[in-house]
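Look at the sequence and the model together.

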Amino acid sequence: KSELKRRGIPGRFHQATLDSFECNTATLNNAKRSCEMWLENKKGWLLLSGPPGVGKTHLLCGMARKVKRCMYVSAVDFFQSERSRIETKLQAATDLFSYTGVLFFDELGAGMGTDWERDLIHRLVAFRYDESLPTVFATNFRFGTGTSRSLEKSGRVLPHTISRMLGECHVVEIDSADRRSNSASK
């Protein structure tokens with residue numbers, strides 16, 4: 001468990017594996033298969049897109065358990081870590097702007113969408129793009145659709161960040177019901 005914590009995997013997901021991911025619909029089965037295929041060569045970028053509660057974090061953490069050199073981070077934790085680093089004038093324990101392992105970045109588009117947050121996301125994406133580093137993203141927004149519910153129309157990410165992502169990401173749409181609300185009603 002200390003290894004999982006070091007990789008940033010939240011305690012709730014320490015037991016999450018791809019095998020334990022329940023695939024009761026074709027879209028969930030496709031998402032799991034896409035994650036397994038990406039893990040075979042760990043090249044390029046994968047983006048899981050879908051509403052809250054469909055299992056994106058479970059999939060990211062399950063993938064992270066299969067990769068020796070990786071880091072899982074959510075956008076909100078990333079922002080908080082950077083705020084703390086700036087306030088204390090200390091070097092971050094894990095500087096994501098120079099991290100070259102596989103990055104599992106959850107909740108892309110979360111936060112308030114401030115200029116500072118958009119800049120941080122851009123710097124992270126630009127570094128990983130320029131260095132061709134394997135990255136897996138998850139977002140509650142649609143991606144690459146240009147619709148009003150898409151990440152590119154949300155204002156949470158800069159246009160030049162979106163451009164880099166559009167060129168790199170294999171997008172997997174997970175169109176399913178919220179698993180958390182379904183399990184709470186049982």
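How much space lies in the largest pocket? The volume is about 800 Å³. This is a predicted model, in which local features need pLDDT of at least 70 and side-chain atom pairs count only at pLDDT 80 or more, while totals for chains, interfaces and linings use all residues. Residues are numbered from 1 along each chain as its sequence is written, and side-chain values use heavy atoms, with hydrogens and water left out.

On a 1 Å grid over the protein atoms alone, a pocket is an open set of points with protein on both sides within 12 Å along at least five of seven lines, and a cavity is a set where a 1.4 Å probe fits but cannot get out; lining residues have an atom within 4 Å of a point. The largest pocket has 31 lining residues, and Phe13, Gly53, Gly55, Arg179 and Arg180 lie nearest its centre. Two or more lining residues come from each of α3 (56–64), β2 (70–74) and α8 (179–184). Helices (H or I, at least four residues) and strands (E, at least two) are DSSP runs, numbered from the N terminus. Helix α8 gives the largest share of the lining, four residues.

Now turn to α3. Nine of its nine residues are buried, so α3 is largely enclosed by the rest of the structure. Buried means under 20% relative accessible area (1.4 Å probe, protein chains only). Among these residues are Lys56, His58, Leu60 and Met63. The buried residues of α3 pack against α2 (26–41), β1 (45–49), β2, β3 (102–106) and β4 (135–139), where contact means heavy atoms within 4.5 Å.

Next comes a pair of helices. Two packed helices are described by the angle between their axes and the distance between the axes. For α5 (residues 115–130) and α7 (residues 159–168), the angle is about 35 degrees and the axes are 9 Å apart. Axes are lines fitted to C-alpha atoms over the stretch in contact, and angles run from 0 to 180 degrees between N-to-C directions. Helix α5 brings Ile121, His122, Val125, Ala126 and Tyr129 to the contact, and α7 brings His160, Thr161, Arg164, Met165 and Glu168.

Which residues line the largest cavity? They are Phe79, Leu108, Gly109, Ala110, Gly113, Glu117, Ile121, Arg156 and Val157. About 40 Å³ of space lies in this cavity.

Conventions. Grid points are joined across faces, edges and corners, and a volume is the space filled by probe spheres set on the points. Buried means under 20% relative accessible area, exposed over 50%, partly exposed in between (1.4 Å probe, protein chains only).
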